[in-house]
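Take a walk through this structure, one contact at a time. Start with how its parts are named.

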Amino acid sequence: MPARPWRDAKREWKRERKRAAPPRRALSYDQIVDAALRVLDAEGVDAMSMRRVAQELGTGAASLYAHVDNKDDLIDAVMDRIFSEVEIPEPTGDLRQDLLRLLYVTRDVLATHRDAAKALWGRVPTGQNAMRLTDHVYGLLRKFGLPDHLVGWAGPLLFDYVTADAYESGLYAATFGDERGSAKYFENLGDYFAALPRERFPNIAELAHQLTAGGGEERFAFGLDVLLTGLKAKASEPLGDRGGDA
């Protein structure tokens, strides 16, 4: 049977439409990571789905799979891009200050990217930029005098503290908007604690304003000081008291 004329006409119309369509732009890995980071900064890590990133790029989600395996792979890529922004400060000769400065820089970079720190919970960053940072911290901790088996614990401990503070800072910013809003909240919280019945909550009521005093920066600095003081004490212990070195 000869082909029906309307079918030939339909095929020709499809060919013409295909020829007239602009060629699809080939996506690169960097373009995908850039788009994912834009979504994270604007909407948060939970919104950073493959579909949403593809929408940001004006394409379908299937186009992303040539470069990233899934959302977890995409998150790893974005986090490593964020870690590339951490500039390791020049050494001062004071190991404690060098550690402090690096931890502050890391916290500040994470805090500038909305709730990026949330993505680090339950995840060990293994990208090149993350490894560059962690390797440097481990080197400082070894120079600090910690035995190697404690270096392996101290590094994650410090990063967990920094990550938690960055995440909490992002939550406070989203909830209160600015430092004044946050300060007002804790002032009211202190008043609430002070009004608690002392026979039931004697310590909270008596420490009400001490519990809510100090801003985020002061508390972050206090926490780092406690951690580094404790690590320095561990480094100064006799070998027989270090557990794994006995």
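Helices are DSSP runs of H or I with at least four residues, numbered from the N terminus. The model is predicted: local features need pLDDT of at least 70, side-chain atom pairs count only at pLDDT 80 or more, and totals for chains, interfaces and linings use all residues. Residues are numbered from 1 along each chain as its sequence is written, and side-chain values use heavy atoms, leaving out hydrogens and water.

Begin with Asp-98, in helix 5 (residues 95-111). Its relative accessibility is 9%, so Asp-98 counts as buried. Buried means under 20% relative accessible area, exposed over 50%, and partly exposed in between (1.4 Å probe, protein chains only). Beyond neighbours within four places in sequence, Asp-98 is in contact (heavy atoms within 4.5 Å) with Glu-90, Pro-91, Thr-92, Gly-93 and Leu-140.

Now turn to the aromatic rings. Rings of Phe, Tyr and Trp (its six-membered ring) pair if their centres lie within 6.5 Å; planes under 30 degrees apart count as stacked, over 60 as edge-to-face and the rest as tilted. The whole structure holds four aromatic pairs. One of them, Tyr-161 with Phe-220, is stacked, at 5.4 Å centre to centre and 0° between the planes. Tyr-161 belongs to helix 7 and Phe-220 to helix 11, 59 residues apart. Phe-220 is buried because its relative accessibility is 0%. Tyr-161, at 22%, counts as partly exposed.

Ring pairs also link Tyr-104 with Tyr-161 and Phe-220 in a cluster. Arg-107 lies over the face of Phe-220, 4.2 Å from the ring centre. Such a charge has NZ of Lys or CZ of Arg within 6 Å of the ring centre and within 35 degrees of the ring normal.

Definitions and conventions:
Helices (H or I, at least four residues) and strands (E, at least two) are DSSP runs, numbered from the N terminus.
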